[in-house]
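Hi,

Here is the structure I promised to pass on. Have a look, and then read my notes below.

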Amino acid sequence: MFSEELWLENEKKCAVVRKPKPGRKRQELLAVALGVKVHTFRGPHWCEYCANFMWGLIAQGVRCSDCGLNVHKQCSKHVPNDCQPDLKRIKKVYCCDLTTLVKAHNTQRPMVVDICIREIEARGLKSEGLYRVSGFTEHIEDVKMAFDRDGEKADISANIYPDINIITGALKLYFRDLPIPVITYDTYSKFIEAAKISNADERLEAVHEVLMLLPPAHYETLRYLMIHLKKVTMNEKDNFMNAENLGIVFGPTLMRPPEDSTLTTLHDMRYQKLIVQILIENEDVLF
């Protein structure tokens with residue numbers, strides 16, 4: 001077992017940590033994730049929602065970077081954000097909205113999650129300090145670039161990356177880089193409140209209720225990850241990683257407060273840890 005302070009210090013020294021940019025609020029993050037941006041069109045253009053002309057010389061409307069839909073700014077409020085992304089427009093795997101990536105590849109979960117977890121379970125479950133020990137930053141970045149460049153064809157085998165901590169580091173980095181965390185901003189406060197319930201049975205019921213509010217791709221990704229982390233704990237005798245230790249690692253990785261507040265993050269850290277610990281220990285009941 002190790003302390004939160006020790007883990008944080010270790011992460012600062014060895015891991016690739018993506019800190020939110022100052023002043024970047026929840027609304028901005030959502031706009032980035034949905035991929036709808038103000039666009040200047042060359043030549044005459046018509047709104048694909050209302051079919052009226054888009055007037056002006058610059059910033060006439062918005063374009064969806066996922067599917068290419070062009071509409072007036074006002075019309076964009078009425079267009080459902082559940083479009084089918086065009087793979088030609090998805091330029092990368094990391095930093096891409098989770099739901100967008102899943103829809104683009106027509107999969108249940110992001111393929112990077114499946115590929116990394118398969119590799120970890122094949123050769124790393126007994127590795128001491130699994131997920132706690134960090135791999136070399138430059139090698140983790142190499143894995144990230146491989147997924148962004150080659151997608152599901154990325155080679156992360158032992159021949160290329162013999163250190164399993166590089167693969168665990170790449171998986172953690174994927175989750176940290178998501179514009180909307182696996183445990184979404186909309187459900188964050190509800191999970192924190194559930195963690196504060198003292199009665200264990202009531203707390204578990206509250207956590208289950210909030211899980212049902214997650215978008216399908218987020219729910220499925222979290223479910224698959226928790227099944228995997230449960231397997232990690234079953235090898236605790238070798239890897240020394242129990243549910244509490246994994247909660248310390250994955251708490252701030254899977255959930256972040258909507259507002260960029262260091263004070264809130266520090267205050268909520270123990271509840272983040274507890275939520276992940278509960279999800280691991282009760283994955284067979286909760287999912």
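Which residue follows H5, and what is its phi? That residue is Gly151, with a positive phi near 60°.

Before the rest, two quick points. The model is predicted, so local features need pLDDT of at least 70 and side-chain atom pairs count only at pLDDT 80 or more, while totals for chains, interfaces and linings use all residues. Residues are numbered from 1 along each chain as its sequence is written, and side-chain values use heavy atoms, leaving out hydrogens and water.

Now for helix H5 itself, residues 137-150. The expected span is 1.5 Å times one less than the number of residues.

Ile140, Val143, Lys144, Ala146 and Phe147 are the buried ones in H5, where buried means under 20% relative accessible area, exposed over 50% and partly exposed in between, with a 1.4 Å probe and protein chains only. Looking down the axis of H5, these buried residues fall within an arc of 155°, so they line one face of the helix. They pack against helix H4 (111-123) and helix H6 (164-177).

What about disulfides? The count is zero, taking a disulfide as a pair of cysteine sulfur atoms within 2.5 Å. The sulfur of Cys95 has its closest cysteine sulfur in Cys96, 9.0 Å away, which is too far for a bond. Cys95 is partly exposed at 30% relative accessibility, whereas Cys96 is buried at 10%.

Cheers

Methods: Helices (H or I, at least four residues) and strands (E, at least two) are DSSP runs, numbered from the N terminus. The arc is that of the directions from the helix axis to the C-beta atoms. Contact means heavy atoms within 4.5 Å.
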